[in-house]
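Good morning. I will take one structure today and go through it piece by piece. Please have the picture in view while I talk.

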Amino acid sequence: MVCTARNRPGVCYRVRDNVERFFTRFVEEGKATVRLKEPPVDVCLSKANVSNLKTFLSALRLAHQQTDVAALPLSALVPAKTSEVEKPKTKMIITSKRDYPLTKSFPYSLEHLQASYCKLARIDTRVLCLKKLRKLDLSHNHIKQLPATIGELVFLQELNLHDNHLESFSSALCSSTLQKSLQCLDLSQNKIKALPIQFCQLRELVNLNLDDNELIRLPFKIGQLDHLRFLSAARNKLPFLPSNFRKLCLENLDLFGNPFEQPNPLLPNIQLKIPLTLLECAARATVNYRIPYGCQLLPSHLCKDLEVAKTCQCGSACLSSFIQLTVTMNLHHVAHTVVLVDNMGGTEAPIICYFCSLGCYSQFLDRYLQSSADH
């Protein structure tokens, strides 16, 4: 007997005196199972012609009982027609709780799965076993938390979680294989207040939708997303943009409906510490002299501080000693198409700036005052 199952193609099994049991309860539905002794496997038969299945099982019983091959009721094999061969299912769309499969498993061949309006409170563990998934749409559900195992979907390119109850996005996902695969992420209409520092490790992101959340800040190293082309964070609670925002190169940007503060460069937030701490000196030296760093070379707490270090206009690093202020930036500097920031027709937003010393701040202030005088 030759098995042509998906996971055991072309495996041959001995039948003579090797069948432990026949399961034929559902033979009228074209289903049966043959349990072998050695190796101990179950050969499952399904979607068979009932008459042909009964003949086949009869032949197996006779073969098991060591009947001569010539006496077996075997018919000549006829190749199946193309129309009779079921192709692996690659797409499944479910748009109601009633249609959601509770007893049947999802086809392992799925590449695109949509399960919307199903009132899901969590992500089904069966979905996380679909290793070929490229697009997963779980919009319009009640999901509150994302399991780290989503990061094991190594081919996942699009993840849609629009209109759920998410309050955070796991840092574990940012450090998973999604770093290499995820291109489109929709987190709109949730309850997210902030994204983790590690979020900017998702370097393949092209399209990011953060609309209608409760974001009070964007990832401060968002400029590292150098493939990002479409960014929407409308109707959040953003008071200003991070300084790293300047490094983005977008095709489309939408920041409408955020309560942006009115910038005032003449009222800086001064956090200078004189003299500088040893930690501050070490961080600045590491950046200024372009010293490669890692936990095997430098103390781990210094490496963690460097990961979140601010950058002065001069390029120097700042940890806890800095001058902070916000200035106005025209969003057309980072995006080709900009949705108006407010109903007044503006395309400008406040962006945060850092200075490592009074000297750097003074140079900036001179330029700012000169520019104001020219206008």
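Apart from neighbours within four places in sequence, Gln-271 is in contact with Ser-320, Ser-321 and Phe-322. Before going on, note that this is a predicted model. Gln-271 sits in the loop between β14 and α4, the helix that covers 278–288. Buried would need under 20% and exposed over 50%. One more distance here: Gln-271 and Cys-356 are 85 residues apart in sequence, yet 9.6 Å apart in space, C-alpha to C-alpha.

Now the whole chain. The protein chain contains 6 helices and 19 strands. It is divided into three parts: domain 1 (2–76), domain 2 (91–237) and domain 3 (269–331 + 349–374). The centres of domain 1 and domain 2, taken over C-alpha atoms, are separated by 44 Å.

What is the radius of gyration of the protein chain? It is 31 Å, whereas a compact globule of 375 residues would have a value near 21 Å. Along the principal axes, the C-alpha atoms fill a box of roughly 105 × 50 × 30 Å. Of the 375 residues in the protein chain, 40% are buried. The accessible surface is about 21,900 Å², and carbon and sulfur atoms hold 53% of that. Among contacts with a separation of 6 or more, 43% are between residues 24 or more positions apart.

Next, salt bridges. How many does a search of the whole structure find? The search finds 12 salt bridges, and I will show three of them.

One is between the side chains of Lys-54 and Glu-28, at 2.7 Å from N to O. Lys-54 is in helix α1 (residues 50–64) and Glu-28 is in the loop between β3 (19–23) and β4 (32–36), so the pair ties together parts 26 residues apart in sequence. Lys-54, at 38% relative accessibility, counts as partly exposed, while Glu-28, at 55%, counts as exposed.

Another joins the side chains of Asp-212 and Arg-235, at 2.8 Å from N to O. This pair links distant parts of the chain, 23 residues apart: Asp-212 is in the loop between β11 (207–209) and β12 (230–232), and Arg-235 is in the loop between β12 and β13. Asp-212 is partly exposed, with a relative accessible area of 29%, and Arg-235 is partly exposed at 40% relative accessibility.

Glu-280 has a relative accessible area of 1%, so Glu-280 is buried. Arg-284 also counts as buried, at 10% relative accessibility.

Going back to Asp-212 and Arg-235, salt bridges with shared partners join them and Asp-211 into one network.

Two items remain. Leu-298 lies in the loop between α4 and α5 (300–307). Leaving aside neighbours within four places in sequence, its contacts are Thr-286, Tyr-293, Cys-303 and Leu-306.

Finally, the surface. Which residues make the nonpolar surface patch of about 270 Å²? They are Leu-266, Tyr-368 and Leu-369. Leu-266 lies in the loop between β13 (250–254) and β14 (269–270).

Terms used. Residues numbered from 1 in each chain as written. Predicted model: local features only at pLDDT ≥ 70, side-chain atom pairs only at ≥ 80, totals over all residues. Heavy atoms only, no water. Patch = residues over 30% accessible without salt bridge, like charges linked within 9 Å, V, L, I, M, F, W, Y side chains within 5 Å. Areas by Shrake-Rupley, 256 points an atom, 1.4 Å probe, with all protein chains shown as cover. Salt bridge = Lys/Arg side-chain N within 4 Å of Asp/Glu carboxyl O. Helix = DSSP H or I, 4+ residues; strand = E, 2+ residues; numbered from the N terminus. Rg over C-alpha atoms; globule rule 2.2 N^0.38 Å. Buried < 20%, exposed > 50% of the residue type's maximum accessible area, 1.4 Å probe, protein only. Contact = heavy atoms within 4.5 Å. Domains from an automatic or database assignment.
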